[in-house]
Amino acid sequence: MNKNLKEQVLRSSGVNVLKCMRCGKCSGTCPSYDEMEYHPHQFVYMVERGDIETLMNSKSIYKCLTCFACVDRCPRNVEPAKVVEAVRLAAVRQQGNNHMTPAQIPEMLDDDLPQQAVVTAFRKYIK
Amino acid sequence: MQKIGVFVCHCGTNIAATVDVKAVAEALGHEPGVVISRDYQYMCSESGQNLVKNAIKEHKLTGIVVCSCSPRMHENTFRKAAASVGLNPYLVEIANIREQCSWIHKDIATATEKAIILGKAAVAKVHLNAPLTAGESPVAKRALVIGGGIAGIQTALDIAEAGFDVDIVEKNPTIGGKMAQIDKTFPTLDCAACILTPKMVEASQNEHITIHSFSEVTDVKGFVGNFTVTIKKKARYVDETKCTGCGLCTEKCPMKKVPNEFNMGLDNRTAIYIPFAQAVPKVATIDPNYCMMLKNGKCGVCSKVCSVGAIDYKQEDRFIEQKYGAIVVATGFNPINLDKYDEFAYNQCPDVVTSLELERLMNAAGPNGGTLLRPSDKTHPHKIVFVQCVGSRCDDSKGKPYCSKICCMYTAKHAMLIREKYPDTEVYVFYIDVRTPGKNFDEFYRRAVEQYNVHYIKGMVGKVTPRSDGKIEVQASDLLADEQLHIDADLVVLAAAIEPDKTARPLATMLTTQMDTNDFFTEAHPKLRPVESATAGIFLSGACQGPKDIPETVAQASAAAAKAIGLLVKNSITCNPCVAHSDELMCNGCSSCEKVCPYGAITYIDKEFRMPDRTTAVRRVASVNPAVCQGCGACTVACPSGAMDLNGFSNSQIMAEVDAICK
């Protein structure tokens with residue numbers, strides 16, 4: 001268990017994983033469920049156990065659509081999508097510290113990129 | 001000359017571990033007027049009390065200060081000890097050095113300093129204490145039960161059994177409450193109506209019980225033993241004394257499209273109606289929102305067919321006033337509104353129902369005569385999905401934070417009944433935890449799984465989608481199989497959380513009783529006084545205090561009755577002598593105190609006074625009824641001229657305490 005990684009994920013997501021009561025509604029509601037190796041409820045539980053590296057090495061972190069259905073429906077307000085995003089962020093940061101600056105964003109936007117993708121990307125950081 | 005004794009308790013290590021009790025006793029021994037200062041391991045023990053008693057006798061003490069736990073715990077103990085050796089009990093002061101000192105501090109030096117200050121304040125106060133004598137007030141030998149469900153009925157029957165008169169106030173046209181709507185009961189599967197309706201009849205025939213149906217409590221005045229309650233008897237437009245309950249009017253009424261609340265709106269009733277066949281009282285009621293005669297004066301059919309002339313379109317709300325010694329609250333519960341749960345499609349699809357709606361769908365007196373049919377197309381459902389914890393155990397704005405307690409068991413009951421009656425039906429229950437603490441409860445749930453082959457799946461339903469082919473797609477997680485399930489269901493049943501009835505909160509305000517953040521009434525002590533409210537003379541019965549099943553409700557109802565009877569058998573009760581009084585020479589007659597008094601204890605009188613120039617003048621001054629005053633002190637704070645003062649907590653005593661603390 002990597003304590004620093006767990007701390008980083010908890011801090012960047014702002015989520016208290018201990019609020020989870022293991023009902024599985026997030027995974028019951030997830031439209032990407034079948035695409036994912038680890039499912040939303042497992043993200044929450046594995047972060048609680050500190051098993052972050054397994055999640056970082058899984059393709060699951062790129063399968064979350066950020067549709068926020070799990071955030072909307074979680075009866076305990078755990079916000080699993082933010083946990084997934086935090087793990088994805090941890091993976092990105094480890095790949096060579098390639099932080100983006102706001103100035104770089106406009107040149108990366110191309111016409112084929114759906115507006116929705118940009119908007120949801122920002123939604124993930126609101127807490 | 002005052003001779004004051006100080007007694008510092010160790011309370012085992014509760015106080016002594018954080019407070020240097022010897023230092024406290026030593027320091028307080030030097031306070032003015034203190035002639036003896038002692039510490040002891042357990043001051044409340046018999047030998048501790050003897051220490052206090054002997055000191056009072058030996059030193060002829062004029063007042064004592066006990067530095068110990070909260071006065072709520074042992075003030076009475078030490079007052080009794082003082083009284084037994086001839087010291088007026090109101091010359092005893094408690095300095096709370098446990099709850100307000102040792103328990104909340106970690107540092108010994110700080111805690112000891114604070115304990116000494118609290119002790120000094122108590123010594124300063126006891127210097128000004130005056131002996132007080134408690135008066136007595138009579139007890140009205142009549143009880144009021146608010147709510148006519150199984151809780152209210154059981155409480156009323158038990159109080160009547162003891163020979164006291166009881167009034168039941170029920171807001172609906174009939175008593176019976178939620179239990180009357182339930183089909184079968186767990187864990188025995190006996191018919192709810194079969195065991196409830198005999199009790200309803202018993203209540204209506206008991207000479208000691210008066211049922212005020214279709215009525216509400218609108219005002220409560222007074223105090224324990226002496227409540228004055230105003231009851232609004234809502235106009236039902238039918239003379240209760242004449243109506244025989246023949247039901248001819250309900251057959252002939254042309255307005256037949258009124259949602260039937262008894263069947264949870266799953267079928268219709270007429271504008272004039274009797275809620276169900278075994279209603280008590282069996283009297284018709286006209287619904288003014290739908291009656292065409294009351295709305296636009298055109299119809300009058302019921303009045304024409306009524307052979308006894310019971311219909312009275314001009315009837316108005318009536319108010320009656322009655323005196324009671326005790327009040328029992330039994331306002332019950334309701335399932336929460338599921339409008340906000342879009343994911344379960346409750347508002348979009350008639351075949352997504354709540355558990356209480358399912359009770360009516362399965363009941364012989366329900367909309368389908370007891371055959372389980374889908375509300376949409378009246379076909380037999382072959383695949384039924386139950387969703388547990390809908391709105392319970394939630395930390396969001398939509399639901400309730402608590403477990404509703406009854407859902408696991410009634411869902412097992414529903415699943416079992418359906419599998420028994422319709423073996424070709426597949427039943428799925430999605431659960432987070434199955435909670436079955438109770439006699440024969442877990443066995444009951446295991447029977448649903450093992451004998452009836454109900455599919456219990458650990459997981460939650462995420463989404464319910466009604467489809468155009470009439471099926472309902474249920475998307476859920478099966479956590480043990482690590483799979484997302486898609487079930488094409490015919491019927492979805494939601495175990496909605498339960499919440500206190502909406503009438504409970506305004507009632508709590510009228511009764512000056514406490515509620516928790518969920519609007520459940522708060523008991524006086526969560527373990528040792530579970531059926532009393534913190535307000536004397538107000539008792540709690542049933543689900544108004546917290547989620548409960550029927551056996552627990554009945555047990556609490558009988559317990560509340562026993563407590564009420566214990567009060568009603570007394571001819572008088574001892575009053576609290578710490579009541580307010582007004583200094584008439586200072587009172588300027590402004591009415592501020594009268595306005596803030598929650599008990600209606602203050603009235604204004606015109607009184608003649610001799611003026612300095614030997615003339616007489618009539619002045620308006622406040623007068624406190626000591627039997628009604630509860631000593632809350634609101635008037636002493638409101639009084640702008642300082643005329644109002646509270647016995648035992650006078651302004652000068654409070655100021656002496658503050659001075660001692662600030663010295």
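Two strands are said to pair if DSSP finds at least two bridges between them. Helices (H or I, at least four residues) and strands (E, at least two) are DSSP runs, numbered from the N terminus. This is a predicted model, in which local features need pLDDT of at least 70 and side-chain atom pairs count only at pLDDT 80 or more, while totals for chains, interfaces and linings use all residues. Residues are numbered from 1 along each chain as its sequence is written, and chains are lettered from A and ligands numbered from 1 in the order in which they are written.

**Stop 1: a hairpin in chain B**

Select residues 602–610 and 616–624 of chain B, which are strands β34 and β35. These strands run antiparallel and are joined by nine bridges. B:I605 has B:V621 of β35(B) as its bridge partner. Five residues lie between the two strands of the hairpin, where B:R614 adopts a positive phi near 70°.

**Stop 2: chain A**

Along the sequence the pattern reads α-α-α-α-α-α-α-α. Of the 127 residues in chain A, 38% are buried (20 or more other C-beta atoms within 10 Å of a residue's own; exposed means 12 or fewer, partly exposed in between; C-beta atoms are placed from the backbone). Contacts are counted where C-beta atoms, placed from the backbone, lie within 7 Å. Among contacts in chain A between residues at least 6 apart in sequence, 72% join residues at least 24 apart.

**Stop 3: where the chains meet**

Next, display the contact between the chains, to which chain A gives 15 residues and chain B 17 residues. On the side of chain A, helix α2 (residues 25–29) gives the most, with four residues. That side of chain A comprises four nonpolar, six polar and five charged residues. In this classification Ala, Val, Leu, Ile, Met, Phe, Trp, Tyr, Cys and Pro count as nonpolar, Asp, Glu, Lys and Arg as charged, and the others, Gly among them, as polar.

**Stop 4: a four-stranded sheet in chain B**

Move to the open sheet of chain B with the order β2-β1-β3-β4, whose four strands pair in parallel. Its edge strands, each pairing on one side only, are β2 (34–40) and β4 (92–96) of chain B. Neighbouring strands of this sheet are turned by 15° against each other on average, direction ignored. (Axes are lines fitted to C-alpha atoms, for helices over the stretch in contact, and angles run from 0 to 180 degrees between N-to-C directions.) Within the sheet, β1 (residues 4–9) and β3 (residues 63–68) of chain B pair in the parallel sense over five bridges, with B:V8 opposite B:C67 in β3(B).

**Stop 5: two crossing helices**

Select α6 (residues 150–161) and α7 (residues 192–205) of chain B: their axes come within 10 Å and cross at roughly 50°. That angle makes α6(B) oblique to α7(B) (under 35 degrees is roughly parallel, over 145 roughly antiparallel, 65 to 115 roughly perpendicular, and the rest oblique). Show the side chains of B:I150, B:I153, B:A156 and B:L157 in α6(B), which meet B:L196, B:K199, B:M200, B:E202 and B:A203 in α7(B). The contact residues divide into seven nonpolar, no polar and two charged.

**Stop 6: strand β18 and its partners**

Which way do the residues of strand β18 (residues 326–329) of chain B point? B:A326 and B:V328 point one way, B:I327 and B:V329 point the other, and all are buried. Four bridges join β18(B) to β6 (residues 142–146) of chain B in parallel, and B:L144 stands opposite B:I327. Strand β31 (residues 538–540) of chain B likewise runs parallel to β18(B), through three bridges; there, B:L540 is the bridge partner of B:V329.

How values were computed: Two residues are in contact if their C-beta atoms, placed from the backbone, lie within 7 Å.
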